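Here is a friendly briefing to read alongside the model. Take a look at the sequence and structure first, and then we can go through some local features together.

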Amino acid sequence: MIIDDSDATRASIECVLIALGHHVVSVENGVEAVKQLQQQDPFDLLITDIFMPEMDGIEVIEKSKQQFPDMKIIAISAGGMGIQGQEMLNIASDLGAEKIVKKPFSNDEISEAVTHILQV
């Protein structure tokens, strides 16, 4: 599952994952993501932005790990709201995200992160 309030970022990551042969579900915020998680089995991987309206990625990671402790998570962020993106990515890592990726990132970077996480 890809969670990002940017249509362009979601589409870019989705293209990379489909090219790698993955089935992808994309949503634009944390509220939608939590609804999806409650309605089906856990995803193999969750890629979430940190700064989003309605429910941020930190809360998504907390709720996801409570419900599915073994689900793999990649947190992505460029920062926002006066807080450095790296600081929030570090918090995401402390909460259980297996990988953190700072925006902007290349298709190769996200591809390598996904491939690595799913092999572990």
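Let's begin with Thr 9: apart from its neighbours within four places in sequence, Thr 9 is in contact (heavy atoms within 4.5 Å) with Asp 4, Ile 76, Lys 103 and Phe 105. This is a predicted model, in which local features need pLDDT of at least 70 and side-chain atom pairs count only at pLDDT 80 or more, while totals for chains, interfaces and linings use all residues. Residues are numbered from 1 along each chain as its sequence is written, and side-chain values use heavy atoms, with hydrogens and water left out.

- Thr 9 lies in helix α1; helices (H or I, at least four residues) and strands (E, at least two) are DSSP runs, numbered from the N terminus.
- Thr 9 counts as buried because its relative accessibility is 17%, where buried means under 20% relative accessible area, exposed over 50% and partly exposed in between (1.4 Å probe, protein chains only).
- Ile 3, found in strand β1 (residues 2-3), is also buried, with a relative accessible area of 0%.
- Ile 3 and Val 27 are 24 residues apart in sequence, yet their C-alpha atoms are 5.1 Å apart in space.
- Leaving aside neighbours within four places in sequence, the contacts of Ile 3 include Val 27, Leu 46, Ile 47, Met 52 and Val 60.

**Helix α5**

- Ile 110, Ser 111, Ala 113, Val 114 and Ile 117 are the buried residues of α5.
- Seen down the axis of α5, these buried residues fall within an arc of 165 degrees, so they line one face of the helix; the arc is taken from the directions from the helix axis to the C-beta atoms.
- Asp 108, Glu 112 and Gln 119 are exposed on the other side of α5.
- The packing partners of the buried α5 residues are α1 (7-19), β3 (45-49), β4 (72-77) and β5 (99-102).

- The lining of the largest pocket divides into 9 nonpolar, 2 polar and 1 charged residues; Ala, Val, Leu, Ile, Met, Phe, Trp, Tyr, Cys and Pro count as nonpolar, Asp, Glu, Lys and Arg as charged, and the others, Gly among them, as polar.
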